[in-house]
Amino acid sequence: MKKLRYIVLLIICLFTFNVYGIRASHYEPTFEMDEEYQNNKITTFFGFMGEDTYKNEFKISFDSNMIELDTVFAGDNCKVDYEEIKSSSGNKEYKLTFTSSMVTNKNIYGGIVFKVTNKFAVNKSSEMKIYDIYAYNDDGSKYRSEGYYILLKRDGPNNMLALRTNIDKDTKVKRAINFALPFIIVGGVAIFIGAIAFIMIPNRKQSNIKGKIDYQLDPKNYPIPGVGPFPRVKKKEKQDIIEPEEKTIMPLSEFVSKNEESNEELKNKPIEVDKEMFKDNPTKEGEGGLININPLAFDDGEDSVIEDGEIKKDDDDDVDTL
């Protein structure tokens, strides 16, 4: 077993390997700017450090309403090429390439002169973005940096501050949150107001009952899924109302003779009247000549009697006092 181990170790020692260690890039772009400026022109300087390079290129975007590109210049032993790659309202983008005649690991390879516009007033600020930075070595090595933001803040008529922020994961997350935060707040407020309105405002929607009834009554809409037609209303036949006959009261009908034979002798017999029965009948004043008058004919509804030619009230309802 030990011999086998020695043999394996010997075989491994017979081979040699060339291994290149993997290391992180030390390439870092640099930026400088004078705080004071004259004639409304600010000068920016771009460079690098950390790796041997001879060629550097990057893209820059800025608000053209605040600053305008005036001049692009190259550093010592360098030449510069630049082109405008995008232009829109309020924004411009350029691509710049600086090439040196020698390889160095630290250098300021050039710069840009910007003209400050009248809109860039005191206490206002504007932002530049330098991104997609690439550096090349003559041995084929290539380095890359995501870039950085430059916040320009005008403190006075001839003073401009430049604050740098590198582009990394934390910066991207922070700027994404700052960009989305106003929309989130506005959306949350809109949802809250909508919920309050939904709760507070009563529902005024009225169902069109008449339309539904007309729809169901229309024969061309049959059959309606899940809804049957209205039942037909049976019409009642008109019937004559027979009212009961009104009973006729026949006074003394039970005493009427049922004999249909007439007594001719009684028909021809004159009516006998006792004239003495009306001799004591009362008379009204001035009508003394009336005779044979029924005393009830002078009854005017008042309780009174005639005594010695005078009419007197009588509270007694007894007829015997007459």
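Some ground rules before the details. Because the model is predicted, local features need pLDDT of at least 70 and side-chain atom pairs count only at pLDDT 80 or more, while totals for chains, interfaces and linings use all residues. Residues are numbered from 1 along each chain as its sequence is written, and side-chain values use heavy atoms, with hydrogens and water left out.

I'll start with the strands. Helices (H or I, at least four residues) and strands (E, at least two) are DSSP runs, numbered from the N terminus. Two strands count as paired if DSSP finds at least two bridges between them.

With strand E2, residues 41-62, E5 pairs in the antiparallel sense over 18 bridges. Asp81 has Thr97 in E5 as its bridge partner. E4 and E5 form a hairpin with two residues between them, and Gly90 in the turn has a positive phi of about 85°.

Next, the helix. H2 takes in residues 169-200, which is 32 residues, and reaches 45 Å from its first C-alpha to its last. That is close to the 46 Å expected at 1.5 Å a residue, where the expected span is 1.5 Å times one less than the number of residues. H2 does have a kink of about 35° at Ala180, shortly before the proline Pro182. The bend at a residue is the angle between axes fitted to the seven residues ending there and the seven starting there. At the N-terminal end, Asp168 caps H2, with a side-chain oxygen 3.4 Å from the backbone nitrogen of Asp170.

Now the charged pairs. A salt bridge here is a side-chain nitrogen of Lys or Arg within 4 Å of a carboxyl oxygen of Asp or Glu. How many salt bridges does a search of the whole structure find? It finds five, and I'll go through some of them.

Lys59 forms a salt bridge with Asp132, and the closest N and O atoms are 3.8 Å apart. Lys59 lies in strand E2 and Asp132 in strand E6, residues 125-136, so the pair ties together parts that are 73 residues apart in sequence. On accessibility, buried means under 20% relative accessible area, exposed over 50%, and partly exposed in between, using a 1.4 Å probe and protein chains only. Lys59, at 24%, is partly exposed, and Asp132, at 22%, is also partly exposed.

Glu127 forms a salt bridge with Arg175, with the closest N and O atoms 2.9 Å apart. This pair links distant parts of the chain, Glu127 in strand E6 and Arg175 in helix H2, 48 residues apart. Glu127 is partly exposed at 33%, and Arg175 is partly exposed at 33%.

Lys172 forms a salt bridge with Glu146, the closest N and O atoms being 2.9 Å apart. Lys172 sits in helix H2 and Glu146 in strand E7, residues 142-156, so parts 26 residues apart in sequence are tied together. Lys172 is partly exposed at 48%, and Glu146 at 33% is partly exposed. Finally, salt bridges that share partners join Lys59, Asp132 and Arg144 into one network.

How values were computed: A polar contact is a pair of N or O atoms within 3.5 Å; within protein, one must be able to donate a hydrogen and the other to accept it, and residues adjacent in sequence count only if both atoms are side-chain atoms.
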